[in-house]
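Here are my notes on this one, as promised. Have it open in your viewer while you go through the points.

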Amino acid sequence: MDEFRLPAGSGVPAAEAVRQSWTATVTALPEGARIRGEVMGRQRFGVFIRIHGMPDAVGLAEISGMPHDLELPAMGAGVSGVVIWHADHNHQVKIKLDEWDRPE
């Protein structure tokens with residue numbers, strides 16, 4: 001199986017739910033807000049994050065915001081970071097990660 005995949009399965013919010021809750025998501029997670037979550041999808045450009053306490057929100061941490069010597073967090077890895085932007089066009093909370101579970 002390819003290590004890169006889009007979010008799928010239980011626990012991934014439906015697109016309509018994400019769209020309908022967008023205003024509440026932006027209000028609850030302003031720029032600068034700290035988040036914790038877990039990786040629910042991986043792509044070459046970054047990781048999709050299930051944000052704790054926000055069941056209808058989708059976070060995205062892009063690889064361009066990570067140190068070049070680090071690997072993307074694995075599927076299911078716990079992560080934390082800061083909200084840096086809200087992408088209104090696709091209802092994603094952009095996150096800069098500062099901590100995640102790393103393989104030992």
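How many strands make up the closed barrel, and in what order do they run? Five: the order is β1-β2-β3-β5-β4, and the pairing is mixed.

Two bits of housekeeping before the details. This is a predicted model, with pLDDT of at least 70 needed for local features and 80 or more for side-chain atom pairs, while totals for chains, interfaces and linings use all residues. Numbering starts from 1 along each chain as its sequence is written, and side-chain values use heavy atoms, with hydrogens and water left out.

1. Strands here are DSSP runs of E of at least two residues, helices are H or I runs of at least four, and both are numbered from the N terminus. Two strands count as paired if DSSP finds at least two bridges between them.

2. **A parallel pair.** Have a look at β3 (residues 58–62) and β5 (residues 92–100), which pair in the parallel sense over two bridges. Gly59 has Val93 in β5 as its bridge partner.

3. **Salt bridges.** There are four in the structure, taking a salt bridge as a side-chain nitrogen of Lys or Arg within 4 Å of a carboxyl oxygen of Asp or Glu. One of them joins the side chains of Arg19 and Glu16 at 2.4 Å, N to O. Both residues sit in helix α1 (residues 15–20), three residues apart, or about one turn of the helix. Arg19 is partly exposed at 44% relative accessibility, and Glu16 is partly exposed at 40% (buried is under 20% relative accessible area, exposed over 50%, partly exposed in between, with a 1.4 Å probe and protein chains only).

4. **Salt bridges between strands.** Asp98 and Arg34 meet through their side chains at 2.6 Å, N to O. Asp98 is in β5 and Arg34 in β1 (residues 34–43), so this pair ties together parts 64 residues apart in sequence. Arg50 and Glu38 form another salt bridge, at 2.7 Å, N to O. Here Arg50 belongs to β2 (residues 46–51) and Glu38 to β1, so the parts tied together are 12 residues apart in sequence. Arg50 is partly exposed, with a relative accessible area of 23%, and Glu38 is partly exposed with 29%.

5. **The cores.** A nonpolar core is a set of buried Ala, Val, Leu, Ile, Met, Phe, Trp, Tyr and Cys residues joined through side-chain atoms within 4.5 Å. The largest one has 20 residues, and Val47, Ile49, Ile51 and Leu97 have the most contacts inside it. At least two residues each come from β1, β2, β4 (78–87) and β5, with β5 giving the largest share, four residues. A second, separate core has five residues, among them Val18, Met40, Phe48 and Val58.

6. **Lys94.** Is this lysine buried or exposed? Lys94 counts as buried, because its relative accessibility is 7%. Lys94 is in strand β5, and its side chain makes a polar contact with that of Glu62 at 3.4 Å (N or O atoms within 3.5 Å, with one able to donate a hydrogen and the other to accept it). Setting aside residues up to four places away in sequence, Lys94 also touches residues including Leu60, Val82, Ile84 and Trp85 (contact means heavy atoms within 4.5 Å).
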